[in-house]
Amino acid sequence: MAKVLVVMGSDSDLAVMKKACEALAACGVESEVHISSAHRTPDKTAKLAREAEARGFSAVIAGAGMAAHLPGVVAAYASVPVIGVPLEGGALKGGDALYAVVQMPKGVPVATVAVNGAYNAGLLAAQIVAVHDAAVRQKLAELRANMAA
């Protein structure tokens with residue numbers, strides 16, 4: 001079964017980031033959730049990212065607020081696609097996180113969704129998986145048909 005790693009910097013991000021897991025589950029994609037901060041637990045974060053492909057993950061969804069370094073740090077180590085979810089918070093209400101995630105330097109790509117757009121991050125990760133998984137592709141088609149109806 002296809003798997004996507006979901007990482008966030010704090011357990012306070014869980015309420016938003018669980019929506020990524022819900023979208024993945026709706027598409028038949030398993031997720032594994034970890035709390036790992038780019039700043040407070042950098043070694044753990046690097047290990048998760050480095051081992052993602054070997055552990056069978058097809059993509060990583062990384063959510064972070066304010067300075068939002070987590071998606072970029074994960075992308076620096078991971079060999080699978082990384083999707084960043086800028087999280088609302090702080091004085092700038094997520095604007096700072098959005099800019100931080102979307103402005104990755106050349107050579108370190110991070111796909112970026114809207115502020116608090118974890119559900120769309122889950123769908124995007126499922127689309128990545130669906131490139132090589134017909135069952136996930138079918139579930140995505142059904143999901144879109146249901147939304148249209």
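Let me begin with the lining of the largest pocket: by class, 8 nonpolar, 11 polar and 3 charged residues. Here Ala, Val, Leu, Ile, Met, Phe, Trp, Tyr, Cys and Pro count as nonpolar, Asp, Glu, Lys and Arg as charged, and the others, Gly among them, as polar.

This is a predicted model, in which local features need pLDDT of at least 70 and side-chain atom pairs count only at pLDDT 80 or more, while totals for chains, interfaces and linings use all residues. Residues are numbered from 1 along each chain as its sequence is written, and side-chain values use heavy atoms, with hydrogens and water left out.

Back to the pocket. On a 1 Å grid over the protein atoms alone, a pocket is an open set of points where a 1.4 Å probe fits, with protein on both sides within 12 Å along at least five of seven lines, and lining residues have an atom within 4 Å of a point. Of the 22 lining residues, Ser10, Asp13, Ala64, Gly65 and Met66 are the closest to the centre. Strand E3 contributes the most to this lining, 3 residues; strands are DSSP runs (E, at least two residues), numbered from the N terminus.

Now the sheet. It is open and parallel, with 5 strands in the order E2-E1-E3-E4-E5; two strands pair if DSSP finds at least two bridges between them. E2 (30-35) and E5 (111-112) are the edge strands, each with a single partner, so one side of each has no neighbour in the sheet.

E1 (residues 3-8) pairs with E2 in the parallel sense over 6 bridges. Within this pair, Leu5 has Glu32 of E2 as its bridge partner, and Val6 stands opposite Val33 in E2.

Note on methods
Helix = DSSP H or I, 4+ residues; strand = E, 2+ residues; numbered from the N terminus.
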